[in-house]
Amino acid sequence: MTEDLISKKELLEQTGISYGQLYRWKRKNLIPEDWFIRKSSFTGQETFFPRESILTRIDRIKNMKDELSLDELADVFSPSVSNKVLTRVEIERKHLVTPISIHLFLESGSEKEKQTFSFEEMLCIYVLDQALASGQMNREEGILLVQTFQAYYSKFQDKGCDIILTRKMGIPLFTMLTTGSEVYFDTGVKEVLRLSLNTYLEQLKVKLSESEGF
């Protein structure tokens with residue numbers, strides 16, 4: 001499948017940003033280097049971008065740049081997890097996730113009375129919370145999601161990844177893969193949910209920043 005691209009000229013016209021802003025945001029790591037794709041055109045070499053990704057990213061930068069510095073935005077868009085540690089009391093006080101999702105996360109593991117969570121664990125609970133809220137995943141599948149995340153998320157450190165829930169004859173299966181990867185299933189397999197962990201990582205960082213008064 002051919003990737004839908006947008007030229008730099010069209011991008012600047014459609015978003016209303018300047019050439020200088022685009023490359024300043026690139027230097028500040030707000031826009032990934034590998035999104036700048038050089039291709040031959042009838043006018044010579046031209047720069048293109050993955051359309052949906054760049055338009056979404058620029059919209060988010062424009063919406064948040066008055067509240068966060070460029071360095072803080074770079075952290076939000078970074079695929080790296082924070083080293084922040086949160087207590088259960090803090091998570092509930094900040095309303096980051098529902099108590100039901102915290103309870104289900106604890107039920108999925110061996111530390112059922114755990115009161116302190118790493119940022120990666122917090123991300124797992126946040127993804128679980130969003131998937132449950134979609135109404136497309138049941139409680140038993142939620143436990144399977146947590147187990148899949150905990151087993152494989154570390155293999156995608158500093159890279160974007162997605163997690164897919166499929167069902168075949170009612171049997172659920174979770175798959176984790178690098179963001180943007182194409183995946184094909186045999187007939188009879190239904191893709192129920194595709195969760196962008198990078199998107200949820202960004203959302204969680206923004207929520208934490210907002211809850212801390214940025």
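Colleague: How many helices and strands does the protein chain have?

Modeller: This is a predicted model. Its C-alpha atoms fill a box of roughly 60 × 50 × 25 Å along the principal axes. The secondary structure of the protein chain comes to 9 helices and 8 strands.

Colleague: What share of the 214 residues in the protein chain is buried?

Modeller: Buried here means under 20% relative accessible area. The protein chain exposes about 12000 Å², with carbon and sulfur atoms supplying 50% of that area. Of its 214 residues, the buried share is 41%.

Colleague: Of the contacts with a separation of 6 or more, what percentage joins residues 24 or more positions apart?

Modeller: A contact requires heavy atoms within 4.5 Å. Take the contacts in the protein chain with a separation of 6 or more; residues 24 or more positions apart account for 63%.

Colleague: Which element gives the most to the lining of the largest pocket?

Modeller: The pocket has a volume of about 1400 Å³. Elements giving two or more residues to its lining are α3 (51–64), β8 (189–196) and α9 (197–211). The top contributor, with 6 residues, is α3.

Colleague: Which residues lie nearest the centre of the largest pocket?

Modeller: The lining comprises 38 residues. Those nearest the centre are Trp35, Pro50, Ser53, Thr179 and Gly180.

Terms used:
Residues numbered from 1 in each chain as written. Predicted model: local features only at pLDDT ≥ 70, side-chain atom pairs only at ≥ 80, totals over all residues. Heavy atoms only, no water. 1 Å grid on protein atoms, 1.4 Å probe; cavity = no way out; pocket = protein on both sides within 12 Å on 5 of 7 lines; lining within 4 Å. Points joined across faces, edges and corners; volume = space filled by probe spheres on them. Helix = DSSP H or I, 4+ residues; strand = E, 2+ residues; numbered from the N terminus. Buried < 20%, exposed > 50% of the residue type's maximum accessible area, 1.4 Å probe, protein only. Areas by Shrake-Rupley, 256 points an atom, 1.4 Å probe, with all protein chains shown as cover.
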